[in-house]
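Q: Got a model here and want to talk through what some of the labels on it rest on. Shall we take a look?

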Amino acid sequence: HCQAMPRDVMTTAAVALWTLVFADPSCGGDPDVCALWATEAAFLPPEGGARVVAMSGRCQNEGNQGDESSSEVHRVLAARGTSLAAQVGGLGEFGSLCSLRGLLSALPTASFSSDLLLVEGEKRGEPWSLMLQGVLPTACRKVRESPDSHTKYHALCVLDVALRSWAQCLRSRLKGGKTGATAGRGRGE
């Protein structure tokens with residue numbers, strides 16, 4: 001499984017997987033859909049009852065359901081009785097770090113500023129930021145909790161990429177809106 005793969009191969013595989021998810025035609029490159037799929041798969045417990053919706057109302061995607069509004073990756077996993085969230089949630093310490101690195105490489109920059117709501121049960125949704133409530137706290141926790149110096153180094157590299165991605169997103173917003181950003185290439189892959 002993951003322990004047998006070299007670390008650079010694991011990161012490359014994660015970049016490829018997330019690229020397949022976000023490049024899927026059902027997404028259409030929509031930053032809100034990409035942000036929803038990333039949040040559902042990487043930052044919400046698979047069985048937790050919480051979900052995210054776009055504040056714009058443009059997409060109320062349930063990507064992990066494996067229906068036509070989800071990616072081919074979601075549909076293949078659903079046909080096998082699992083979900084992207086379950087697969088990402090089942091990764092070990094270093095595997096989840098590689099997955100986060102892959103997500104940062106493949107996610108369109110504009111997705112970091114998508115306005116999302118975290119909805120739990122019948123409660124009114126709370127604002128959710130993929131970067132501020134998802135990526136950065138996770139990356140910081142991985143730096144703090146790394147079991148050895150080599151893993152800590154990789155966690156710091158992920159945090160570096162996350163901060164550069166956030167800076168790029170903010171610069172894009174300052175230059176005229178959050179829709180002009182391109183996919184995550186050029187962020188220190």
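Predicted model: local features only at pLDDT ≥ 70, side-chain atom pairs only at ≥ 80, totals over all residues.

Q: Why does W18 count as buried?
A: Its relative accessibility is 0%, and the label needs a value under 20%, so W18 counts as buried.

Q: And what makes F22 buried?
A: F22 has a relative accessible area of 6%. The cut-off is under 20%, so F22 is buried too.

Q: How do you know whether the rings of W18 and F22 are stacked or edge-to-face?
A: The structure holds one aromatic pair. The ring centres of W18 and F22 are 5.4 Å apart, and a pair needs them within 6.5 Å. Their planes sit at 20°, and under 30 degrees counts as stacked, so this pair is stacked. Both residues belong to helix α1 (residues 7-22), four residues apart, or about one turn of the helix.

Q: What describes the packing of α5 and α6?
A: Helix α5 (residues 93-106) and helix α6 (residues 130-145) pack at about 145°, with axes 11 Å apart. The crossing is left-handed. On the α5 side, E93, S96, L97, L100 and L104 meet V135, T138, A139 and K142 of α6. Those contact residues divide into five nonpolar, two polar and two charged.

Notes. Residues numbered from 1 in each chain as written. Heavy atoms only, no water. Phe/Tyr/Trp six-rings, centres within 6.5 Å; stacked < 30°, edge-to-face > 60°. Helix = DSSP H or I, 4+ residues; strand = E, 2+ residues; numbered from the N terminus. Buried < 20%, exposed > 50% of the residue type's maximum accessible area, 1.4 Å probe, protein only. Axes fitted to C-alpha atoms, helices over the stretch in contact; angles between N-to-C directions. Left-handed = near helix turned anticlockwise from the far one by under 90°. Contact = heavy atoms within 4.5 Å. Nonpolar A, V, L, I, M, F, W, Y, C, P; charged D, E, K, R; others polar.
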